[in-house]
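Please look over the model shown here before reading on. The report takes up the overall form and then a handful of individual residues.

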Amino acid sequence: MYCSDAFRYTRFSRCIFTLSGEVRNSFTGPVEDATIEYFVNGEFFAITTDVNGRYFIRVREGDHVRIVPSFGLGVTVCPERYVLCCVCSDRFDLDFIVNPVVPDMVRISGALIAASPLIANATVNYTANGVAGSTLSDATGAYFIDVPLGANVSITAPTIPGFSAVPPNYDLMNVMVNTTGQDFTYTAVI
């Protein structure tokens, strides 16, 4: 809607315009109940999106508006905001794309367990997608390995003289989340 010149310059009246858009996740579609924060001439307001992920804001002609979706950590928003100076028409294209941040690395952890002594500073060998690597266990026998998201990982129990390890190795396929409990239990060989 555009104001006619006769109406636009009326002393006390200004046209009312609608600013609207959709909040959408690239993977799952419209985002219902997303919080949209906005400032009109510096004054703060907040609304939520409807079942179709749409939001609607009514402003007066000439208002200065900043629109910012409010999401916590773990998501990316594109664009981050809209800034409209001196609104003079309806806008129905103020869309936001929201996507979760996908980590590019995951952590695999475990411990080298023995009745006595603690197995500290032992070398834990592994391969991730065919690339060899190693890490040292800490003072308590704990170890961790950071690998690419989706990696196929093989971890081999360190050789400790006088001890045998159960299991001798772990084979993990397509690791998509942090994985704990990859423990090796050592018993004395007599």
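What follows moves from the whole chain to selected positions along it.

## Overall form

The model is predicted, and its secondary structure amounts to 17 strands together with 1 helix. The radius of gyration of the protein is 29 Å, whereas a compact globule of 190 residues would have a value near 16 Å. Taken along the principal axes, the C-alpha trace spans about 100 × 25 × 25 Å.

Of the 190 residues in the protein, 35% are buried. When contacts between residues at least 6 apart in sequence are considered, 54% of them join residues that are at least 24 apart.

## Surface and charge

N25 is placed in strand β1, which covers residues 16-25. Because its relative accessibility is 13%, and the cut-off for burial is under 20%, N25 counts as buried. A polar atom of the N25 side chain lies 3.2 Å from the backbone nitrogen of T28. Leaving aside residues up to four places away in sequence, N25 touches V31, V98, N99 and P100.

R54 belongs to strand β5, which covers residues 54-60, and with a relative accessibility of 24% R54 counts as partly exposed. The C-alpha atoms of R54 and R24 are 8.9 Å apart in space, while the two residues are 30 apart in sequence. With residues up to four places away in sequence left out, R54 touches S20, G21, E22, T48, T49, F92 and D95. With one of these residues, S20, the side chain of R54 makes a polar contact of 2.9 Å through the S20 side chain.

## Strand β11

N125 sits in strand β11, which covers residues 123-128. The relative accessibility of N125 is 42%, so this residue counts as partly exposed. I145 is 20 residues away from N125 in sequence, and the distance between the two C-alpha atoms is 9.7 Å. Residues up to four places away in sequence again being excluded, N125 touches G133, S134, S154, I155 and T156.

## The loop between β16 and β17

T179 is found in the loop that runs between β16 (169-175) and β17 (184-188). Is T179 buried or exposed? With 19% relative accessibility, T179 counts as buried, because burial means a value under 20%.

The side chain of T179 has a polar atom 3.0 Å from the backbone oxygen of V177. Apart from residues up to four places away in sequence, T179 touches R107, I108 and S109.

## Backbone geometry in the loops

Most peptide bonds are trans, and most residues other than glycine have a negative phi. Against that background, two peptide bonds and two phi angles are described here. The peptide bond from C78 to P79 is cis, with omega near -10°, and P79 is placed in the loop between β7 (75-78) and β8 (82-84). The peptide bond from V166 to P167 is likewise cis, with omega near -10°, and P167 lies in the loop that connects β15 (163-166) with β16.

D33 is a residue other than glycine whose phi is positive, near 65°, and its place is the loop between β2 (29-30) and β3 (35-40). D33 counts as exposed because its relative accessibility is 52%, the cut-off for that class being over 50%. N41 is also not a glycine and has a positive phi of about 50°; N41 is located in the loop between β3 and β4 (43-48). At a relative accessible area of 47%, N41 is partly exposed.

Notes: Residues numbered from 1 in each chain as written. Predicted model: local features only at pLDDT ≥ 70, side-chain atom pairs only at ≥ 80, totals over all residues. Heavy atoms only, no water. Helix = DSSP H or I, 4+ residues; strand = E, 2+ residues; numbered from the N terminus. Rg over C-alpha atoms; globule rule 2.2 N^0.38 Å. Buried < 20%, exposed > 50% of the residue type's maximum accessible area, 1.4 Å probe, protein only. Contact = heavy atoms within 4.5 Å. Polar contact = N/O pair within 3.5 Å; in protein donor to acceptor, adjacent residues only side chain to side chain.
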